[in-house]
Protein chains: 2
Amino acid sequence: MLTVPRTICLGFLAVITVGTLLLWLPWSTSNGQWNPFVIALFTATSAVCVTGHIIVDTPTHFSTFGHLIILLLIQVGGLGYMTATTFLIILLGRKFNLRQKIAVQQALDRRGIQGARQLVRSILGLAFLFEITGTLLLWFIFRQDYGDLRGLWLAVFHSISAWNNAGFSLFSDSLMSYQTSVPLNFVISALIIFGGIGYEVIFEFYLWLTDCLRHWGRPRYLVRKARQMTFSLNFKIVTSTTGVLLILGTVMLLLTEFRSPEAFGQFSLDQKLLLAWFQSVTARTAGFNTVDIGSFRNSGLFIMIALMFIGGSPGGTAGGIKTTTFRILAGITKSTLQGKDVVLLYRRQVPPTLIMKAVAVTVGSMFTVLISTTLIAIADPEINFINILFETVSAFATVGLSTGITSGLTVFSKFVLVVTMFAGRVGILLLMAAIMGDPRPSNIQYPEENLLVG
Amino acid sequence: MLTVPRTICLGFLAVITVGTLLLWLPWSTSNGQWNPFVIALFTATSAVCVTGHIIVDTPTHFSTFGHLIILLLIQVGGLGYMTATTFLIILLGRKFNLRQKIAVQQALDRRGIQGARQLVRSILGLAFLFEITGTLLLWFIFRQDYGDLRGLWLAVFHSISAWNNAGFSLFSDSLMSYQTSVPLNFVISALIIFGGIGYEVIFEFYLWLTDCLRHWGRPRYLVRKARQMTFSLNFKIVTSTTGVLLILGTVMLLLTEFRSPEAFGQFSLDQKLLLAWFQSVTARTAGFNTVDIGSFRNSGLFIMIALMFIGGSPGGTAGGIKTTTFRILAGITKSTLQGKDVVLLYRRQVPPTLIMKAVAVTVGSMFTVLISTTLIAIADPEINFINILFETVSAFATVGLSTGITSGLTVFSKFVLVVTMFAGRVGILLLMAAIMGDPRPSNIQYPEENLLVG
Ligand SMILES: [K+]
Ligand SMILES: [K+]
């Protein structure tokens, strides 16, 4: 039966299939020959899942037509299946029925569909607004080095890739040649952070801002307004967790790589700060890098792995278990230590079903990473373990950063990465639900029984 | 204020301090000189926490007096603070008051104290019964190679070390010289498994067995009895999970190390099976090894890390997050996938507070492993990452297995391991509660609010 999760997974697979076929064509490669199937499949999956893992050099291997296909796949994958499915329904002129609403709601876990048509328009509008602004700002940087036309194309590509947290680059060394450019670091960081923070947070901030601006002439009202700020729990958790993780990541990477001769060693203090900041931002599942990740020490790589696994925020273009899941897990631990039996976050109680979902997401994610790490470790026994773990977490959290082992992996390991990227993007719970089908409802009540734990 | 968790932690620290002082003495070393402080502290902590991590060769570095001290520390640490504290109270002739009862109950997470004196007697009786049986059986093996007296001492030491899942050995190569001896593998495996499965499970099985034996002459009654078996949820989960993990571990290690030239390569098929089985058993936090763990491939080490992290069962001498915690996490994931809002295990509902506790134990454990891995990776940057991860998980889950890096670590990293062993043995929740003190009770009710997750 074509259940809702199955429809979503199949839709995703359909886009990947079309992308693979297009990238397979001789027009997509720079040498005009048919692309090997593994390369086409891997690149298409990586683009649709906005991961950014690559096994060939994007700028030299693909033609401009190939680059355009990759960019389109990123845009379709990044705007998400939610907008895609909703858009499709609007195009077909059909009204939403309840079942479809639930499907869309499940897909991106939104709290409700209030006017699907309007929401899709807002999301598309937001994406294009940021992407166009990003393009303009990047154009001023790239045109100095590459001229007007080539600079514009580079600006378009990197703006879309950054907003969608895709990590694909038209430079062979990602953004390493701009590692000390403050303007580029600023623009790309902003695109990554806003793209990965979720539409809802931006909408909520926008509504608050316009409300403030409307009463700009009345300072007293503004102060009262500021005191009454009623941001949602989602807003508070996402912004605070993102902020803390960004700063913590910067400080930790600065600590571990400060004297590392290959990573930050030869730079000045403020350059080190910029490098640590950007690498902390990119671990929010973006996947660009301004320093060779392969030159990081074990401790730096391990910190990156932890940051990538947590990932970005829900409702955006980011992957990972998400900041909200992380905070709920931390909240459970804190409550248990305090002997409370409810989980509180910002004076709001977290519903029990949400606790279960957070645990399920984390367990499922860890299980996926565990399986794919073991499989790749078996297939490629000579590769350093932390590089494999970095690779699988990066693929699962749709980050796309790599220590440089991807292209040298066996074909089997590459397929494992393809499946991992897919599972990470559609979400392990949705994927499992798609495989298992709709559960039969059961109303049998069973008695409670205690257990020894821990 | 001396809260209950603090009392328990301090009691543990007191035993470690006494052990450190005793092992410091010149009588404890084989060369008759004062032991370096780091070695005394590390060995005492490792023995009291029944971990088995070593930084010097136990048989050659310590004198027989030193070996006796280590054995006593293992016995005190292994029988647990629960029996120790209870025993202390009995010795002092005081009656249990409610507060002490709760302390003991919290310490080992027992479901209730029904006659503390009787329970302590049963636990001690059980331990000595298994240890004496183990000693006798091991004596038959060791006396052939080491004579009657030396063989007896070896049998006593390894029997107590195995039952308490301590992993200390009087052989420099652990049990590698007996790697193909079926009797030794059988005896040690049995001691490890029963020691790590928890007293309750053994008591429950014993009660069921005696009940069956009492009605041995009435086969009809026996069949009806067998059908009515009302084992506790704890019994069912512990036995089934232990069984599955033992078999799964054997199969997985057989797969990854089958052709590994250094690990299982040169052995026959049934010898490979025996080696895989023993290494799977020892990952239940025992810490003996019959093959060089350092020769394992990355995939084999990673499987061992997963097995060690799950660890043994509560109420026994084993460490790790425990089999029950693991099953509850799996149960939450399954329920979420089925769209249920309660967690069912064997047709019994798991109470919400237990779900929270399982999550807290896991998050706390992962956090501890993450911190100590990062610290050691910073202090010893040249060591292979998987060896560090193996070391910290092994220390936290009180396993004591090592890829051979322990003695070469910096003093700082050794201290990190000491703290990790301690945190792993007293339990991260209890330790945090001891540090934070009693929480102030709060009855304020906060409204629920939904969140985006995963
Ligand atoms: K990415
Ligand atoms: K042990």
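Of the 454 residues of chain A, 59% count as buried, where buried means under 20% relative accessible area, exposed over 50%, and partly exposed in between, with a 1.4 Å probe and protein chains only. This is a predicted model, in which local features need pLDDT of at least 70, side-chain atom pairs count only at pLDDT 80 or more, and totals for chains, interfaces and linings use all residues. Residues are numbered from 1 along each chain as its sequence is written, chains are lettered from A and ligands numbered from 1 in the order in which they are written, and side-chain values use heavy atoms, with hydrogens and water left out.

Staying with chain A, its secondary structure comes to 19 helices and two strands. Those are DSSP runs numbered from the N terminus, helices being H or I of at least four residues and strands E of at least two. Taking contacts in chain A between residues at least 6 apart in sequence, 71% join residues at least 24 apart; contact here means heavy atoms within 4.5 Å.

Now the ions. Which residues coordinate the potassium ion that is ligand 1? The donors are A:V50, A:T51, A:N165, A:T285, A:A286, A:T398 and A:V399, each through its O atom, at 2.5 to 2.9 Å. Donors are N, O and S atoms within 2.8 Å of the metal, or 3.2 Å for Na, K and Ca; water is not among the atoms, so sites may look incomplete. Along the sequence, the donor residues of ligand 1 follow the spacing V-T-x113-N-x119-T-A-x111-T-V. One pair, A:N165 and A:V399, links distant parts of the chain, 234 residues apart. A:N165 sits in the loop between α8 (148–163) and α9 (182–196) of chain A, and A:V399 in the loop between α17 and α18 (411–426). A:N165 counts as buried, at 0% relative accessibility, and A:V399 is also buried, at 0%.

Leaving out residues up to four places away in sequence, A:S394 touches A:T51, A:H53, A:M308, A:V399, A:G400 and A:L401. A:S394 is itself buried, with a relative accessible area of 0%.

Chain B has its own site. The potassium ion that is ligand 2 is coordinated through O atoms of B:V50, B:T51, B:N165, B:T285, B:A286, B:T398 and B:V399, at 2.5 to 2.8 Å. The donor spacing for ligand 2 reads V-T-x113-N-x119-T-A-x111-T-V. Here the pair to look at is B:N165, in the loop between α8 (148–163) and α9 (182–196) of chain B, and B:T285, in the loop between α13 (269–282) and α14, 120 residues apart. B:N165 is buried at 1% relative accessibility, and B:T285 is buried at 0%.

Next, charge pairs. Side chains of opposite charge can pair when their charged atoms come close. How many salt bridges are there over all chains? The count is two, a salt bridge being a side-chain nitrogen of Lys or Arg within 4 Å of a carboxyl oxygen of Asp or Glu. In chain A, A:R143 and A:D148 meet at 3.0 Å, N to O. A:R143 is partly exposed, with a relative accessible area of 33%, and so is A:D148, at 44%. In chain B, the salt bridge joins B:R143 and B:D148, with the closest N and O atoms 3.0 Å apart. B:R143 is partly exposed at 33%, as is B:D148 at 43%.

Last, the contact between the chains. It takes 75 residues from chain B and 75 residues from chain A. The area buried between them is about 7000 Å², of which carbon and sulfur atoms give 73%; that is the accessible area, with a 1.4 Å probe, that two parts lose on being put together, summed over both. Between chain B and chain A the salt bridge count is zero.

On the side of chain B that touches chain A, the elements giving two or more residues include α12 (233–257), α15 (323–337) and α16 (352–379). α16(B) gives the most, with 16 residues. In helix α16 of chain B we also find B:A358, which is buried, with a relative accessible area of 0%. The C-alpha atoms of B:A358 and B:L329 are separated by 7.1 Å, with the two residues 29 apart along the chain.
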